[in-house]
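Student: I would like a close look at one kind of contact in this model, together with the part of the chain around it. Please take me through it carefully, in one connected answer.

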Amino acid sequence: PEKGSCPRVDQIRKLAVHDYGARGPVYARSMVRKILGNEEFCLQIDAHSEFVDGWDDKLKHEWAAAGNEFGIISTVPPAVGEDDNTVPRQCAVQFQEIGTPVGPL
């Protein structure tokens with residue numbers, strides 16, 4: 001983002017990868033470790049994510065309700081245009097032999 005277009009531009013970091021170096025969304029999400037500092041929270045979203053009013057307070061409430069300072073909140077957003085008001089929960093992850101996660105449980 002350009003300096004004048006976002007009031008918090010100095011808090012935004014990105015890691016750009018050319019399409020020929022892309023290895024998929026799981027790999028891309030793992031790359032965030034390269035740009036994380038000492039943040040209290042980290043948010044990763046899909047490009048098609050939509051937000052409700054007050055999403056940030058609701059998310060922090062969900063995190064606090066976990067009762068674990070290292071808790072991770074994860075979900076799979078609905079497909080683009082899908083009118084679904086439910087929020088699927090991912091409570092466990094299984095991994096393939098090569099170390100990549102198997103879809104939502």
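Student: How many salt bridges does a search of the whole structure find?

Tutor: The search of the whole structure finds one salt bridge, meaning a side-chain nitrogen of Lys or Arg within 4 Å of a carboxyl oxygen of Asp or Glu. This is a predicted model, in which local features need pLDDT of at least 70 and side-chain atom pairs count only at pLDDT 80 or more, while totals for chains, interfaces and linings use all residues. Residues are numbered from 1 along each chain as its sequence is written, and side-chain values use heavy atoms, with hydrogens and water left out.

The partners are Glu 39 and Arg 13, whose closest N and O atoms are 2.1 Å apart. Because Arg 13 belongs to the segment before H1 and Glu 39 to the loop between H1 and H2, the pair ties together parts that are 26 residues apart in sequence. Both partners count as partly exposed (between under 20% relative accessible area for buried and over 50% for exposed, with a 1.4 Å probe and protein chains only): Glu 39 is at 33% relative accessibility, and Arg 13 is at 44%.

Of the 105 residues of the protein, 2% count as buried.

The loop between H1 and helix H2 (55-65) also holds Val 52. Val 52 belongs to a nonpolar patch on the surface, which it forms with Leu 43, Ile 45, Phe 51, Trp 55, Leu 59 and Ile 73, and which has about 620 Å² of accessible area together (Shrake-Rupley, 1.4 Å probe; patch residues have over 30% relative accessible area and no salt bridge, with nonpolar side chains joined within 5 Å and like charges within 9 Å).

From Ile 45, one of the patch residues, the view can be carried on to Thr 75, which is 30 residues apart from Ile 45 in sequence and 9.8 Å apart in space, C-alpha to C-alpha. Thr 75 lies in the loop between H2 and strand E1 (94-95), and at 37% relative accessibility Thr 75 counts as partly exposed.

Technical notes: Helix = DSSP H or I, 4+ residues; strand = E, 2+ residues; numbered from the N terminus.
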